[in-house]
Amino acid sequence: MKLHGYWRSSASYRVRIALAWKGLDYEYSPVHLLKAGGEQKSAEYSRLNPAKLVPTLEIKDPNSGEHLVLNQSLAIIEYLDACFPEKRLVPESPVVAALVRTLALDMAADLQPIANLRVLQYLTGQLQQPDEQKLAWISHWVTQAFSAFEARLQKTAGKYCVGDNVTLADVCLIPQVYNAKRFNIDLSGYPCLCSVVEALEELPAFIAARPENQIDANS
Ligand SMILES: N[C@@H](CCC(=O)N[C@@H](CS)C(=O)NCC(=O)O)C(=O)O
């Protein structure tokens with residue numbers, strides 16, 4: 001199994017958490033998102049992911065033995081959950097699974113893309129916005145998303161986002177919190193979110209997946 005990712009990429013971070021949570025060994029192949037205009041745009045990497053985004057997971061399917069090249073972090077994690085159902089991240093109950101996916105998509109589908117590298121590069125490049133406007137953009141969307149997330153957590157959270165089991169919602173939350181901290185966004189107005197994050201940050205799988213613990217950290 002080989003994960004193509006970048007230490008600071010939140011989508012790669014999600015897959016690293018899921019792999020570590022399930023105790024799956026993998027080779028890590030760094031794709032530098034900034035070097036030489038971005039290695040994700042190279043012809044070689046584009047063959048693995050035509051969207052020119054990380055992550056990509058190469059895996060031998062445990063059922064058919066087929067070599068698979070998978071993109072989209074949530075599709076990858078749902079695939080891993082189906083093939084390796086120990087320590088499930090999407091619960092079997094349809095009701096709880098819907099709650100979990102709602103929270104996961106709040107972070108991975110509605111928030112993360114708005115502050116993705118290529119979006120920020122477009123803001124400061126083609127649209128010629130200064131850095132302070134870029135920071136205002138990030139802060140606006142993070143604040144809006146975290147306020148809604150906090151309101152949801154008031155109803156769903158136990159120790160973690162949904163009850164007392166780690167789920168896909170937690171896997172999607174932590175990388176967005178990492179990004180928010182990078183941009184110095186004040187999280188003190190989200191007490192429920194902070195208490196869930198504190199509990200998750202103690203778990204070995206979440207520690208192993210941290211950006212600073214990757215071989216390409218600070219590169
Ligand atoms: N929905 C995709 C998002 C992937 C994505 O946005 N990856 C970012 C890093 S978190 C990326 O590769 N950015 C490179 C760029 O914007 O050029 C997923 O979840 O896998």
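**Exercise 1. Locate Pro 55 among the secondary-structure elements, and describe the peptide bond that joins Val 54 to Pro 55.**

Solution. Pro 55 sits in the loop that runs between α2 (43–48) and β3 (56–60), where helices (H or I, at least four residues) and strands (E, at least two) are DSSP runs numbered from the N terminus. The bond between Val 54 and Pro 55 is a cis peptide bond, with omega at about 10 degrees. As background, most peptide bonds are trans, and most residues other than glycine have a negative phi.

This is a predicted model, in which local features need pLDDT of at least 70 and side-chain atom pairs count only at pLDDT 80 or more, while totals for chains, interfaces and linings use all residues. Residues are numbered from 1 along each chain as its sequence is written, and side-chain values use heavy atoms, with hydrogens and water left out.

**Exercise 2. Compare the two annotated spans with the division of the chain into domains.**

Solution. Residues 1–88 are 33% helix and 20% strand, with end C-alpha atoms 19 Å apart, whereas residues 93–219 are 65% helix and 0% strand, with end C-alpha atoms 42 Å apart. Next, take the domain division, whose bounds come from an automatic or database domain assignment: domain 1 covers 2–88 and domain 2 covers 94–205.

**Exercise 3. Describe how domain 1 meets domain 2.**

Solution. First, the C-alpha centres of the two domains lie 20 Å apart, and 18 residues of domain 1 are in contact (heavy atoms within 4.5 Å) with 20 residues of domain 2. Second, the domains bury about 1,700 Å² between them, 65% of it on carbon and sulfur atoms, buried area being the accessible area (1.4 Å probe) that two parts lose on being put together, summed over both. On the side of domain 1, Arg 8, Arg 14 and Trp 21 lose the most area to domain 2, together 31% of what that side buries.

**Exercise 4. Find the salt bridge that crosses the interface of domain 1 and domain 2, and the elements that carry its residues.**

Solution. A salt bridge here is a side-chain nitrogen of Lys or Arg within 4 Å of a carboxyl oxygen of Asp or Glu, and by this rule the count comes to five, with one across the interface of domain 1 and domain 2. Glu 78 pairs with Arg 101, the closest N and O atoms being 2.9 Å apart. Glu 78 lies in helix α3 and Arg 101 in helix α4 (residues 94–111), so the pair ties together parts that are 23 residues apart in sequence.

Methods
UniProt positions are given in the numbering used here, feature names are shortened, and annotations may be inferred rather than shown by experiment.
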